[in-house]
Amino acid sequence: MITLLSHLRTAPWSAKIGMGMVLLTLIAAVFAPLIAPFGETEIAGDVWLFSSSTHFLGTDSLGRDMFSRLLYGARNTIAIAFLITFLSFVVGVTLGFVAATIGGWADQLLSRMIDILMAFPTLIFALMVLSVVGTSIPALIIVIALLDSTRVFRLSRAVAMDIEVMEYVEAARLRGEKLWWIMRHEILPNAMPPLVAEFGLRFCFVFLFIAALSFLGLGIQPPAADWGGMVRENAGAITFGIFTPLWPAAAIAFLTVGVNLIVDWALHVASGLKD
Amino acid sequence: MAYTRPGCRIASGSILFDGQELFDGSASLLRSIRGARIAYVAQSAAASFNPAHRLINQFAEGPVQHNLMNFSSAEEKAVTIYDQLLLPDPENIGYRFPHQVSGGQLQRAMVAMAMSCQPDIIVFDEPTTALDVTTQIEVLAAIKDITRKYNTAAIYITHDLAVVAQLADRIMVLRDGLLVEENDAREILAAPQEEYTKELLSVRTFSTKGNKDKSGNKVVLDIKDVSASYTGTEDVLSDINLQIRKGQTVALVGESGSGKSTLARVITGLLPQSKGSILFKDRPLAPKLKPRNREDLQRLQMIYQMPDTALNPRHTIRKIIGRPLQFYLKMNGRQREKRILELLDQIELPADYIDRYPAELSGGEKQRVCIARALAAEPDLIICDEVTSALDQLVAEGILKLLLNLQRELQVSYLFITHDLTTVKAIADEIVVMLNGRIIEQGPKKEILKPPHHEYTDLLLSSVPKMDPDWLDRLLEKRVLAAAA
């Protein structure tokens, strides 16, 4: 933790900007009820109004305040995306490490199972499962997390295999350490940098994936605000030269860029290169 | 060569080569000189060759690049030089890939590559450090021969003075980036002026007087008729019989591939034996690692060749040394802290190292930490796998002295795996010589080192370089005569 903080201080300006951007979105999400001038689903004015002093970013297709919905949308989107990414990492990393550390049949079994899951295109698989089990938020989280954990599994298995052959892992085995200890204390700390970088990247992908699902009507259900869904609801406006749908799109881009700026830096640190 | 690694730069000074200034030379000037007129031979040939190209293509790259010859004449040239370097089958060896030739052959192929443009100077950067003694001789002889034949100047960088003695006309001793001493090779070896040079020269002569005879001690490890194989078909080890007594050091000697490290893997349980049994403290040891009890694991510890990879870079020294204490001896809190400090004191490291990470330690210090980690378990037997071969001489000597002192104090036994006979002479009580997975000679140090030897032991012993500038020439002459007779 201390080393992480000292890392933060030495971060390059690009990473600091990225952190600022992410922080800003987080603040918006956490304090949404305090900042937002209107409620999440409150119809506050006319349809598709331009920016004005009362409606900072105008209104949407039902006359709801765009700015307020963006803030509330940040809550839904970020919280769910974070939860999904976190879950997929818990599952993917654990299974990946188990496969790499035990090797042999365990590795074969897990890897082949993951291969089968990966053989389906993610979006189609998600559409299929979600239309069967229904589009509740828990279902959304579990389905996307599982699909995403296959990618995490691939990465963590590869990283762990490199570490697993080191002599300090052999020394731990000779000491008689259990599987869990080896994974937790010998492999995980050394696999951390690439995993952190991947976490940021996956977070963005999940985020875009939810947006895509929402756009297709299978993501977060209206009237709850989420950025992807907001683009969909207002997409028609663009043909009339009204740029309301660009605001949620811009918010998605904003967060994605911010996270990626941090990820770039994390990758740089992980590669061990000195400037 | 006016080349620096990233992060390093040549701050000031002048590098004159044949009247040309290289220090601030243009990239194209440097390009025309590097490889063509100044060539470089790296320490690890295995890491320096591109594994995806055949040797001869890599040989020809230099001359073709510098427009000195076309590919087919470069091929002919390669065959000539391979022949001169006494590589087997010089016509065809170039068409092999780097992994298809042995370490010594690869190192010679690299010398050949450096010779491809007939440069004025070759820089040899520890070209034999990674090789065992018998292969080292081949490479040294080849280098000496070919530099003589082509009248090439050579800069030979090494930490092994005995090797330098064979090759060099002049010796420069450096320390901490400063010149300590420079003189004619024979003069430096005969009469070193500076303290540091004397120290370097004296390394080879350290002995263990006052060591008691341990042949009556209790047997700690008893290996009976052990054979092992990796594939199940071909034995890597066959019929190994070996005993190690309490407080005794048994040295396991042999060149790379003789099965030394495999035996260590069998003893530690990483590779179950296919035949035979191992008794540890009079109780049979399970062949596989899993069923072994904690007591057995605790009493049998291992120290590795490369301290860099043997220590987890993300653990502090406290955690590295403290874990076996917690794991085996259930020590916690203040008691463990106290014991860690005691161990640090035993391995002669300051107490404030406890919060450091391995990256903040030197190679020798890291190896000391590895020793402390092994000692923390309070073992009866420590397997030392080439523990000094990655360290330079003075540091290695310190480690060996430490190991001996600890043995005297704690009565721990060592199985010392090495290809370095100087180390063996220094610390072993008994010597076991291995070749192709078999023990070909074993017994107390005095008997093994005294003639008559087994043929192979003799080869090993006579291959250790001596501080005598004429030693290599004489040895080669003798071997040629013996072969002719």
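Which residue in E7(B) does Ile171(B) stand opposite?

Modeller: The model is predicted, and what follows is computed from it. Ile171(B) stands opposite Asn183(B) in E7(B). The two strands concerned are E6, residues 170-175 of chain B, and E7, residues 178-184 of chain B; they run antiparallel and are joined by 6 bridges. E6(B) and E7(B) form a hairpin with 2 residues between the strands. In this hairpin Asp176(B) has a positive phi, near 50 degrees.

Helix H4 of chain A covers residues 66-102 and packs against helix H7 of chain A, residues 137-164, at an angle of about 40 degrees. The axes of H4(A) and H7(A) are 5 Å apart, and their crossing is right-handed. The residues of this contact comprise 19 nonpolar, 6 polar and 3 charged.

H4(A) also crosses helix H9 of chain A, residues 179-215, at roughly 145 degrees, and the two axes come within 8 Å. The crossing of H4(A) and H9(A) is right-handed. By class, the contact of H4(A) with H9(A) has 18 nonpolar, 4 polar and 1 charged residues. On the side of H4(A), the residues that meet H9(A) include Ile80(A), Phe82(A), Phe89(A), Val93(A) and Phe97(A), with Thr77(A), Thr85(A), Ser88(A) and Thr101(A) also among them. H9(A) contributes, among others, Leu179(A), Met183(A), Leu195(A), Phe199(A), Arg202(A) and Phe207(A).

How values were computed. Residues are numbered from 1 along each chain as its sequence is written. Chains are lettered from A and ligands numbered from 1 in the order in which they are written. This is a predicted model: local features need pLDDT of at least 70, side-chain atom pairs count only at pLDDT 80 or more; totals for chains, interfaces and linings use all residues. Two strands pair if DSSP finds at least two bridges between them. Helices (H or I, at least four residues) and strands (E, at least two) are DSSP runs, numbered from the N terminus. Axes are lines fitted to C-alpha atoms, for helices over the stretch in contact, and angles run from 0 to 180 degrees between N-to-C directions. A crossing is left-handed if the near helix is turned anticlockwise from the far one by less than a right angle, and right-handed if clockwise. Ala, Val, Leu, Ile, Met, Phe, Trp, Tyr, Cys and Pro count as nonpolar, Asp, Glu, Lys and Arg as charged, and the others, Gly among them, as polar. Two residues are in contact if their C-beta atoms, placed from the backbone, lie within 7 Å.
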